[in-house]
Each structure stands twice: as structure tokens, then as C-alpha cells.
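My notes are below, entry by entry.

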Amino acid sequence: ASDPAVIDFERAAEDDRVFQLPVPDGVPAWLQGAQVFGVRGADGFRFVRCPFSAAEELRWTRAALCEWAEPPNESNLQAHHGPVTGLFDSHVRCGSRP
């Protein structure tokens, strides 16, 4: 049995709490193929499904892990360790795996 508090967006069409929204005209090309959903009772919440191609997903992931986590950007690690640089590269060099 599934948890009634969990929304499975793979089955959004079967869930009366979920409604699909049109992708507005004029959005960037990378967003035009996405599916956008809202949830009744959660005004302003949007779930965007499949906005990126595989190559774009890798590009954004790398930026988040390798560029945006670097100073001068702030992260929650700075409170404990001060400025942290090269965190993801260190992870890769050490051969760490999840």
C-alpha cells in the first residue's frame, strides 16, 4: 500500500490532489519540454518534471557541485570549517562512492 501523504508524480494523472499546468509561452528553450504540476492546497508549489536533457542535467549538476559550492558563495559547511574549496574534486580524487 502506498503512503497517502506521498505524491507519486509518475502517476499524477491518477491523483486528484495534483493538476498539470501549461508551460507558458516565452519560457527558455530548455523548459519548453517540461511538465509542470501543482498540488491542490499548496498554493505556489510547482513540481517541474523533465526540464533538462541528459547533457544539460550533467552541466547543471557539475555547476552546483563544483562551481556554486566554492567561495565566495556561502554554504552551510562554512559555519563549521570556514571557506571550503575543491570539495567535490577531493571526493573524486579519493575515489569515494555513495
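**Entry 1: what I am looking at.** I am working from a predicted model, so every value here is computed.

**Entry 2: the core.** I looked up which residues make the largest nonpolar core, and the answer was F9, A12, V18, F37 and V39. I then checked A12 on its own. Leaving aside neighbours within four places in sequence, A12 touches V18 and F37. F37 has a relative accessible area of 5%, which is under the 20% cut-off, so F37 is buried. F9 comes out at 13% and counts as buried as well.

**Entry 3: the rings.** How many aromatic pairs does a search of the whole structure find? It finds four. I wrote down two of them, starting with F9 and F37, whose ring centres are 5.8 Å apart. Their planes sit at 50 degrees, so I logged this pair as tilted. This pair links distant parts of the chain, with F9 in the segment before β1 and F37 in strand β2 (residues 35-39), 28 residues apart.

The second pair I noted is F9 with F47, with ring centres 4.0 Å apart. Here the planes are at 10 degrees, and stacked means under 30 degrees, so this pair is stacked. F47 is in strand β3 while F9 is in the segment before β1, so the pair ties together parts 38 residues apart in sequence. For F47 I got 27% relative accessibility, which makes it partly exposed. I put F9, F37 and F47 down as one aromatic cluster.

**Entry 4: salt bridges.** The count is three, and I went through each.

- E10 and R49 meet through their side chains at 3.2 Å, N to O. The two are 39 residues apart, E10 in the segment before β1 (18-21) and R49 in strand β3.
- D15 and R17 have their closest N and O atoms 2.6 Å apart. D15 is buried, with a relative accessible area of 13%, and R17 is partly exposed at 27%.
- D8 and R11 form a bridge at 3.8 Å, N to O. D8 is partly exposed at 37%, and R11 is exposed at 51%.

**Entry 5: the surface.** I wanted to know which residues form a nonpolar patch on the surface, and found W30, F52, W60 and W68. Together they have about 390 Å² of accessible area. I looked up F52 in particular. F52 is in the loop between β3 (47-49) and α1 (54-67), and it is partly exposed, with a relative accessible area of 30%.

**Entry 6: one loop and one distance.** Where is N76? It is in the loop between α1 and α2 (78-81). At 64% relative accessible area, N76 is exposed. N76 and V18 are 33 Å apart in space, C-alpha to C-alpha, and 58 residues apart in sequence.

Notes
Residues numbered from 1 in each chain as written. Predicted model: local features only at pLDDT ≥ 70, side-chain atom pairs only at ≥ 80, totals over all residues. Heavy atoms only, no water. Patch = residues over 30% accessible without salt bridge, like charges linked within 9 Å, V, L, I, M, F, W, Y side chains within 5 Å. Areas by Shrake-Rupley, 256 points an atom, 1.4 Å probe, with all protein chains shown as cover. Salt bridge = Lys/Arg side-chain N within 4 Å of Asp/Glu carboxyl O. Helix = DSSP H or I, 4+ residues; strand = E, 2+ residues; numbered from the N terminus. Buried < 20%, exposed > 50% of the residue type's maximum accessible area, 1.4 Å probe, protein only. Core = buried A, V, L, I, M, F, W, Y, C linked by side-chain atoms within 4.5 Å. Contact = heavy atoms within 4.5 Å. Phe/Tyr/Trp six-rings, centres within 6.5 Å; stacked < 30°, edge-to-face > 60°.
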